[in-house]
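Please walk me through this protein model. I would like to know how the chain is laid out and what surrounds the ligand.

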Amino acid sequence: MILAIESSCDDSSISITKIETLELVFHKKISQELEHSIYGGVVPELAARLHIEALPKILEECKKYLKDLKAVAVTNAPGLSVTLTEGVAMAKAISIALNLPLIAVNHLKGHVHSLFIEKESLFPITVLLVSGGHTQIVEAKSLNDMQILARTLDDSFGESFDKVSKMLNLGYPGGPIIEKYAEHGDKNRFIFPIPLSQSPKIEFSYSGLKNAVRLKIDELERTTLNEQDIYDVCACFQKTAVEHILQKLRKLFKQNTIKDFAIVGGASANLFLRKELEDLCKKYGTTLHLSELKYCSDNAAMIGRVAIEQYKNGEFTTLEDLDIKTRLK
Ligand code: KG4
Ligand code: ZN
């Protein structure tokens, strides 16, 4: 079995996965959403302190499996430096105490592998990663051959939901909140410009949309913003944010034959986005793969799933070499 640790942002999580059968025998995650909610976003120092409390608690719960471990894996990049450090320190301590090899896992490969938890992997696959930190289209040919085809020029998809939620004082994380509010709203009441709609390039941008929403909220505040206005702003924002993705994917699908397509990352839990992508994929004869809702946001099960592949390939690191990287080239 392999023990895997995830602490790249505001989720403390540990998993234990069987190497041969891919069975997830233990998985627990403690989210810090509530603690960060009052600040409208993740406060790195607070996140680090909460990981120090949560990770040992989770480890204690899976103590009985420690004797069966063959390796210990940990997310080492990308993420917040102070929170990545907590997971890496724990992984090193376990490695020393139990004399186990270490495996360093790229968090983004983890999101891709959220599709393959307790399943065989499927490559090649084109993946849209939408999270708080990233909005990317990745051409994944294999574990170690993944190419970024498109990325955001500024804010990410999930981050734009967090920022709009903050503008409306609705709390953090903004994605699920905005999605709920949008259900009661009229998505055709306000017209927000679809980002980069005139550009032939496949790339993303969310800062302009965020500013357009801010201006609309300012305007509504001058005439006293009511509950229905908030629902409508959320619905129109969400529709435009998703339409931006759809426009760029239509271009991609027209230019390339894509047999298998997937969406992963925390924001891939958005049901409106999922529904629109289902329709798009159907139109182009592409098979859409989705990770289970519980594995969309950060978790150690996906890190453990990557670690199994790395274990089989003999991709280990050492105590000296295992370091964190907040960004990746
Ligand atoms: O993957 P994740 O848990 O953490 C990162 O690696 O960033 O993603 C968290 C992000 C947050 O920005 C959150 O607002 C967004 O995903 N998110 C959503 C939804 N659920 C979470 N965005 C839109 N709609 C959702 N339903
Ligand atoms: Zn993530």
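**A guided tour of the fold**

The end C-alpha atoms of residues 25–304 lie 11 Å apart, and this span is 48% helix and 18% strand. Helices (H or I, at least four residues) and strands (E, at least two) are DSSP runs, numbered from the N terminus. UniProt lists residues 25–304 as "domain: Gcp-like", in an unreviewed entry. UniProt positions are given in the numbering used here, feature names are shortened, and annotations may be inferred rather than shown by experiment.

This is a predicted model: local features need pLDDT of at least 70, side-chain atom pairs count only at pLDDT 80 or more, and totals for chains, interfaces and linings use all residues. Residues are numbered from 1 along each chain as its sequence is written, while chains are lettered from A and ligands numbered from 1 in the order in which they are written.

Start with the domains. The protein chain is divided into domain 1 (2–117 + 298–313) and domain 2 (125–290). These bounds come from an automatic or database domain assignment. Taken over C-alpha atoms, the two domain centres are 28 Å apart. Where they meet, 14 residues of domain 1 are in contact with 19 residues of domain 2. Contact here requires C-beta atoms, placed from the backbone, to lie within 7 Å. On the side of domain 1 that touches domain 2, α1 (33–37) and α4 (107–113) each supply at least two residues. Helix α4 gives the most, with four residues. By class, this side has four nonpolar, six polar and four charged residues. Ala, Val, Leu, Ile, Met, Phe, Trp, Tyr, Cys and Pro count as nonpolar, Asp, Glu, Lys and Arg as charged, and the others, Gly among them, as polar.

Helix α4 also holds His111. Under "binding site", the unreviewed UniProt entry lists His107, His111 and Asp298. These residues are spread over 192 residues of sequence, yet they cluster in space, with a largest C-alpha distance of 8.6 Å.

Next comes a sheet. Five strands form an open sheet with mixed pairing, in the order β8-β7-β6-β9-β10. Two strands pair if DSSP finds at least two bridges between them. The edge strands, β8 (145–151) and β10 (287–290), each pair on one side only. From one strand to the next, the twist averages 25°. Axes for such angles are lines fitted to C-alpha atoms, for helices over the stretch in contact, and angles run from 0 to 180 degrees between N-to-C directions. Strands β7 (residues 135–142) and β8 run antiparallel, joined by six bridges. Glu139 stands opposite Gln147 in β8.

Now turn to the ligand. Which residues come nearest to ligand 1? Of the 20 residues around ligand 1, they are Gly132, Gly158, Gly175, Gly266 and Ser297. Helices α5 (157–167) and α6 (174–183) are the elements that give two or more residues to this shell. A residue is near the ligand if its C-beta atom, placed from the backbone, lies within 6 Å of it. The shell divides into six nonpolar, 10 polar and four charged residues.

Finally, look at some backbone details. The loop between α5 and α6 contains Pro173, and a cis peptide bond joins Tyr172 to Pro173, with omega about -5°. Asn169 lies in the loop between α5 and α6. Phi of Asn169 is near 55°, a positive value in a residue other than glycine. The peptide bond from Ala77 to Pro78 is cis, with omega near -20°. Pro78 sits in the loop between β4 (71–77) and α3 (81–98).

Terms used
Two residues are in contact if their C-beta atoms, placed from the backbone, lie within 7 Å.
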